[in-house]
Amino acid sequence: MAKKVQTAITPTRTEDYPQWYQQVVKASDMAESSPVRGCMVIKPWGYALWENIQKSMDAMFKETGVKNAYFPLFIPLSFLEKEAEHVEGFAKECAVVTHHRLEEGPDGGLVPAGKLTEPLIVRPTSETIIGDSFSKWINSYRDLPVLINQWANVVRWEMRTRTFLRTSEFLWQEGHTAHATSEEAVARTEQMLEVYAKFAEEYLAMPVIRGTKSESERFPGAVDTLCIEAMMQDRKALQAGTSHFLGQNFAKGSGITFQSAEEKEEYAWTTSWGTSTRLIGGMIMTHGDDDGVIMPPRVAPAHVVLIPIYRKENEKEEVLAYTRSLAKELSQVTYHGRNIVVEVDEREIGGTRGWDWIKKGIPVRAEIGPRDMKEDSVFMARRDLSPKEKRGVKREELLATLPEILDEIQNTLFDRALAHRAEHTRRIDGKEDFYAWFTPESADKPEIHAGFALSHWCGNGACEEEIKNDLKVTIRCIPFEGEEEEGTCICCGKPSKKRVIFAKAY
C-alpha cells in the first residue's frame, strides 16, 4: 500500500473540495468569519491582494475615460419600486432599515425607536440611486456620455455563505454609464467586459469564456447581460464579471432625459458593470493546491520572502545584515511597473516559517544561511513547483532574473488552468450522455465530476428550467466564439443553431 503524501491542507481537494477551500482560506490568513452571520473580516494578507486587484483594475477603467465617484449606502424604498423587474430580482436579498435610533426597553435592553417615514434599503446595487443623480447631471446631449465607477461595499442577505465567494456583505466596484445612443451603450457594455476578461487572464491568470447570458440569467431589468465564466478545479463554473446593457429601462424609471442635437427630449441609454471580492475566491480555486494558495505574481501582496537561517548566535547579525541588504536591493527591481515587494521573515520558529509562506502562496521563497551567504547566494523555491524543488541562485542572478522568474510562474499558472478547462470541456449531443455527464454517483456527497458541456439549446426557457431542476445545471453563457451550426436541443430535440455552455456553478 502506497504511503499517503503529506500535505499542508487537509482534507485535500479530491477528498472534500468545499472543506479544502475553507481550510485554504484559513491557513493563508486571508480572511475569517465575523460575529455577523455571513460576513467576513478580510485580514491584511487578503486585503493587500484586494488592493492590488483594485489598483490595477482601476487604472484599466480610467484608460477608457471612466471617473470614480461615491454614492450613498442607503437607497429609498421608492427608488427600487420604480423598476419592477429590478426590485423583484433583489427583493429577497434586501436588508431594510426601518428605524433611526435605539431606546432602552422595559427589560433594560435596547429596542429600535424613531420609525423612518420611508424604509431605506442597504444597497444591493446602485442603479436606482445613481440614476437619480444622472437625472440631475444630464440635460443636453453635450453632457453625454457620463462614465462613472464606484468602489464600495454592498449587502445581499445570502442564506448560504462562503468566504469571498458568497457573503452577505462584500466589496466590489460598480460602473454606471449613460449615453446618447443605443449603439454607444452597447459598445461600452462590450468594452468593459473585455476589460474584465483581460484583467482575469493577464493578472489573475484565470482563463475565461466571454459570452451572453440567457434571458433567465440576465441582471434584473437589463436588456442584455454579458459575462466572463471561468472553470474552477472542481470543474464548476464561476461567474467572474458581468456587464449589462440596460437599454432605456432605468432611464425611464429615474427620469434620465436629455435634449438631443435635434432639440428633442429623449431618454438616455445606460449600462452597468461589476466585479467583486469573488475574484479572490476564484483565484484560490483556480490555482490553489493541497498545500494552500498559489498567488499569481501580478496581483500577489508580496513577490518574494527572504528567510534568514542560523543556528549559532554569533551567526545571527551577519546573516540578518546580508538578508536585509538583499531585501533592499530586490525592492528596487521593478516588475510590470511595480516595485518588487519583499517580505523578510525573522521569526525564530524553525521550519514553520517556510510552510507558512507556502500556505500563503507567495510566488518565491529564498532561504539564506551562513553557507549561502559565504557563496553570495540564496536557496530558492518557486510556489508553482513542488516544495522540495529548491536550487542555489547567486545574488546577482536573482536580482537580474527575478522578474523573468515571476513571469514564468504567471504564465505557468495560466497554462495549467487553460489545460484543465480544455480537459474537462466536452461537446455532448445526446440527452442520455448529457444527464450521465452531470449526474454524480453519490447523491449525498457528490464527487468531483463533469465540467463544461458544449451542447445545443433551442432557446426555450422551459428546456433550460427542466435541466436546472433535474441536474442543478445552468446555462453559463452563450459564447461569443463558435460558429453557428445545425443541431438539436439537448433537452427537447428541436432545431438549434448554436451551442451554449452548461455547467454547475457557484
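Predicted model: local features only at pLDDT ≥ 70, side-chain atom pairs only at ≥ 80, totals over all residues.
## Overall build

The protein contains 14 helices and 27 strands. Its radius of gyration is 26 Å, close to the 23 Å that the globule rule gives for 506 residues, so the protein is as compact as a globular protein of that length. The C-alpha trace spans about 80 × 60 × 60 Å along the principal axes.

Of the 506 residues, 53% count as buried. Contacts between residues at least 6 apart in sequence were also examined, and 70% of them join residues at least 24 apart.

## Strand β14 and its partners

Strand β14 covers residues 269-276. It is mostly covered, with 7 of its 8 residues buried. Strand β8 (residues 169-179) runs antiparallel to β14, and 8 bridges join the two. Within this pairing, Gly-175 has Trp-273 of β14 as its bridge partner.

Strand β14 also pairs with β11 (residues 237-247), again in the antiparallel sense, over 5 bridges. Here His-244 is bridged to Ser-272 of β14. In a regular strand, side chains alternate between the two faces of the sheet.

## The largest cavity

The structure holds 3 cavities of 30 Å³ or more. The largest has a volume of about 60 Å³. Its lining consists of Glu-127, Ile-130, Gly-131, Phe-134, His-176, Leu-246, Phe-250, Ile-256, Thr-270 and Thr-271. By class, these residues divide into 5 nonpolar, 4 polar and 1 charged.

Which element gives the most to this lining? Helix α5 does, with 4 residues. Both α5 (127-137) and β14 supply at least two lining residues each, and β14 is the strand described above as mostly covered.

## The second largest cavity

About 40 Å³ of space lies in the second largest cavity. Phe-79, Lys-82, Glu-83, Thr-128, Phe-250, Gly-253 and Ser-254 line it. Helix α7 (residues 249-254) makes the biggest contribution to this lining, with 3 residues. The lining residues comprise 2 nonpolar, 3 polar and 2 charged.

The elements that give two or more residues to its lining are β9 (209-212), α12 (395-423), β22 (425-427) and β27 (499-503). The largest share, 4 residues, comes from α12.

How many residues line this pocket, and which lie nearest its centre? There are 20 lining residues, and Ile-209, Leu-454, Pro-479, Glu-481 and Gly-482 lie nearest the centre. By class, the lining has 9 nonpolar, 2 polar and 9 charged residues. For the largest cavity, the corresponding division is 5 nonpolar, 4 polar and 1 charged.

Note on methods. Residues numbered from 1 in each chain as written. Heavy atoms only, no water. 1 Å grid on protein atoms, 1.4 Å probe; cavity = no way out; pocket = protein on both sides within 12 Å on 5 of 7 lines; lining within 4 Å. Nonpolar A, V, L, I, M, F, W, Y, C, P; charged D, E, K, R; others polar. Buried < 20%, exposed > 50% of the residue type's maximum accessible area, 1.4 Å probe, protein only. Pairing = 2+ DSSP bridges. Rg over C-alpha atoms; globule rule 2.2 N^0.38 Å. Contact = heavy atoms within 4.5 Å. Points joined across faces, edges and corners; volume = space filled by probe spheres on them.
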